[in-house]
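Reader: I have a new model open on my screen and would like to walk through it with you. Could you help me read it, one question at a time?

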Amino acid sequence: MRQEQKISYRKKGSNVLYILIALFFFSFRLSAQSDTSFMSLDAILSKMDTSYPLLLQYNEKLRSIDALAQGSKSWMPPTLSIGADRFGYQPMMWGEQSAMNQAAIMITAGQMFPNPKKIDAHSNSIEAQAAPLKYDSAWLRNDLREKARTWYYERYIAEKKLALLKQNELLLDMLISTAESHYSINQTDLSSIYKAKAERVELTNMEAMFNAQISESNIGLNTLMNRDVNTIFSIDTLIIPQHYSDSVPFDSLLRRNDLLEMDAEIVSMKQQQNYMRTSLRPDFGVSVSHMQMLGMPDQFSVMGMMTVPIAPWSSGMYKSEVRAMDFQIRSMQLEKENMQLMAKQMAAEKHAMLGYETQQLNNYDSLILPAYRDNYNAALLAYRNNTGNFFVLLDAWNMLLMKNMEATDQLYKVLLMQTQYEYEIEK
């Protein structure tokens with residue numbers, strides 16, 4: 001008997017142990033699921049700047065240009081040649097010690113000395129390629145920041161709508177419960193109750209849609225931060241639209257990085273043109289030969305060399321390329337002027353639209369929502385006093401919910417237009 005009690009105690013103890021282990025792992029899993037980090041918009045942008053591969057590749061490109069620039073002032077390699085010189089066709093004469101035997105083993109070393117102006121122009125043309133890359137990288141960062149802001153605001157609006165749905169679900173549940181109690185005393189018709197329950201089901205469907213938007217925004221933001229796309233994080237719960245001046249800052253607009261990149265491309269093209277012009281300058285060289293004579297005393301020779309690039313059959317290529325670059329530079333200048341016009345137009349349009357969208361948002365906050373809220377309160381009060389019907393109350397609730405959704409959509413329009421305006425002025 002005592003042995004059976006011991007066995008039962010052991011079984012109970014092991015069961016308790018299993019339960020404690022299960023509770024431990026369950027609580028650990030819950031804590032892991034609730035372990036989320038907060039990410040502000042600025043933190044996401046900062047993380048993107050230091051982690052996104054497309055931005056980091058520009059650093060490698062700049063290092064490549066720097067490596068090319070370091071070797072741009074190098075000379076051509078020296079030349080070394082060895083061979084038989086003045087060997088007669090009669091081998092029997094190769095060993096004679098006479099003036100007629102001029103056979104020799106000749107060793108020649110040569111070196112070309114490039115024109116200093118040409119070396120400097122080549123180095124400048126390579127170094128000028130770095131500036132366009134820097135401006136292009138900065139403009140790409142501006143483009144990625146627009147995407148990050150858009151996804152961040154999309155998630156903010158989706159979460160705001162989700163919270164609004166949660167509040168209205170509780171409110172609708174309360175209204176349905178009240179209507180069902182009134183139905184028992186014939187103060188509410190059954191069709192209105194069924195309509196309210198159908199509205200409740202539609203809210204659940206809307207929740208799924210907003211959760212999908214949140215998931216999509218999370219994936220986009222995590223991708224920009226170059227981390228696992230399923231990483232969970234929380235964001236700001238209150239975002240207030242920025243207030244901008246009544247005029248567009250056109251002076252600072254002309255210093256956008258895409259416009260500065262075009263300036264740098266023009267400078268780079270001019271440096272290449274200068275380098276091409278130096279191709280018409282001569283290069284100099286020297287050649288030293290030593291002849292190990294077989295039938296005479298050893299001899300040597302020293303020769304100076306100079307290229308003649310101004311020869312008509314060779315200078316035409318350089319001159320035509322210089323002229324072609326003149327046309328390319330003019331084309332790039334016209335392209336820059338067009339980009340400036342488009343930048344001014346887009347910035348002015350976004351600024352104007354931002355003002356109109358903000359005005360509509362203010363109308364929702366100050367006029368539209370208070371009116372529909374008063375309509376709902378009046379319908380609720382009438383229903384409580386048995387002077388109104390549930391159908392009118394349900395319609396007032398639905399209209400208030402829809403107008404709150406419209407106001408939230410209008411807030412997103414303002415934030416989206418603000419994002420596009422900040423992209424145009426490269427804030």
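This is a predicted model: local features need pLDDT of at least 70, side-chain atom pairs count only at pLDDT 80 or more; totals for chains, interfaces and linings use all residues.

Reader: Is F38 buried, partly exposed or exposed?

Author: The relative accessible area of F38 is 47%.

Reader: Thanks! Stepping back, what does the secondary structure of the protein come to?

Author: The protein has 427 residues, and buried residues make up 35% of them. Among contacts between residues at least 6 apart in sequence, 82% join residues at least 24 apart. As for secondary structure, the count comes to ten helices and six strands.

Reader: How do helix α8 and helix α9 run relative to each other, roughly parallel or roughly antiparallel?

Author: Two packed helices are described by the angle between their axes and the distance between the axes. Helix α8 spans residues 257-277 and helix α9 spans residues 312-384; their axes are 10 Å apart and the packing angle is about 170 degrees. Angles over 145 degrees count as roughly antiparallel. So the answer for α8 and α9 is roughly antiparallel.

Reader: And by class, which residues does the contact of α8 with α9 have?

Author: This is the helix pair with an angle of about 170 degrees. By class, the contact of α8 with α9 has nine charged, five polar and eleven nonpolar residues.

Reader: Which residues does D258 touch, not counting residues up to four places away in sequence?

Author: D258 lies in helix α8. With 9% relative accessibility, D258 counts as buried, because the cut-off is under 20%. Setting aside residues up to four places away in sequence, the residues D258 touches are W139 and M339.

Reader: Where is H122 found, and which residues does H122 touch beyond those up to four places away in sequence?

Author: H122 is found in helix α4, residues 116-127. Its relative accessible area of 25% makes H122 partly exposed. Beyond residues up to four places away in sequence, H122 touches S72 and Y275.

Reader: Now for pockets: what volume does the largest pocket have, and which element gives the most to its lining?

Author: The largest pocket has a volume of about 290 Å³. Its lining takes two or more residues from each of α2 (41-51), α5 (130-183) and α10. With four residues, the element that gives the most to the lining is α5.

Reader: Which residues lie nearest the centre of the largest pocket?

Author: The largest pocket is lined by 15 residues. By class, the lining has six charged, six nonpolar and three polar residues. Nearest the centre lie L41, D42, Y153, Q242 and Q418.

Reader: Is E422 buried or exposed, and which residues does E422 touch?

Author: E422 has its place in helix α10, residues 390-425. At 3% relative accessibility, under the 20% cut-off, E422 counts as buried. Not counting residues up to four places away in sequence, E422 touches N142, R149, Q242, Y244 and K427.

Reader: With which residues is K427 in contact, leaving aside neighbours within four places in sequence?

Author: K427 sits in the segment after α10, and a relative accessible area of 48% makes K427 partly exposed. K427 and R256 are 9.5 Å apart in space, C-alpha to C-alpha, and 171 residues apart in sequence. Leaving aside neighbours within four places in sequence, K427 is in contact with R149, Q242, Y244 and E422.

Reader: One last thing about backbone angles: what is the phi of N226, and what is the phi of N386?

Author: Most residues other than glycine have a negative phi. N226 is found in the loop between α6 (190-224) and β4 (233-234), while N386 is found in the loop between α9 and α10. Neither value is negative: phi is about 55 degrees for N226 and near 60 degrees for N386.

Key
Residues are numbered from 1 along each chain as its sequence is written. Side-chain values use heavy atoms; hydrogens and water are left out. Buried means under 20% relative accessible area, exposed over 50%, partly exposed in between (1.4 Å probe, protein chains only). Contact means heavy atoms within 4.5 Å. On a 1 Å grid over the protein atoms alone, a cavity is a set of points where a 1.4 Å probe fits but cannot get out, and a pocket is an open set with protein on both sides within 12 Å along at least five of seven lines; lining residues have an atom within 4 Å of a point. Grid points are joined across faces, edges and corners, and a volume is the space filled by probe spheres set on the points. Ala, Val, Leu, Ile, Met, Phe, Trp, Tyr, Cys and Pro count as nonpolar, Asp, Glu, Lys and Arg as charged, and the others, Gly among them, as polar. Axes are lines fitted to C-alpha atoms, for helices over the stretch in contact, and angles run from 0 to 180 degrees between N-to-C directions. Angles under 35 degrees count as roughly parallel, over 145 as roughly antiparallel, 65 to 115 as roughly perpendicular and the rest as oblique.
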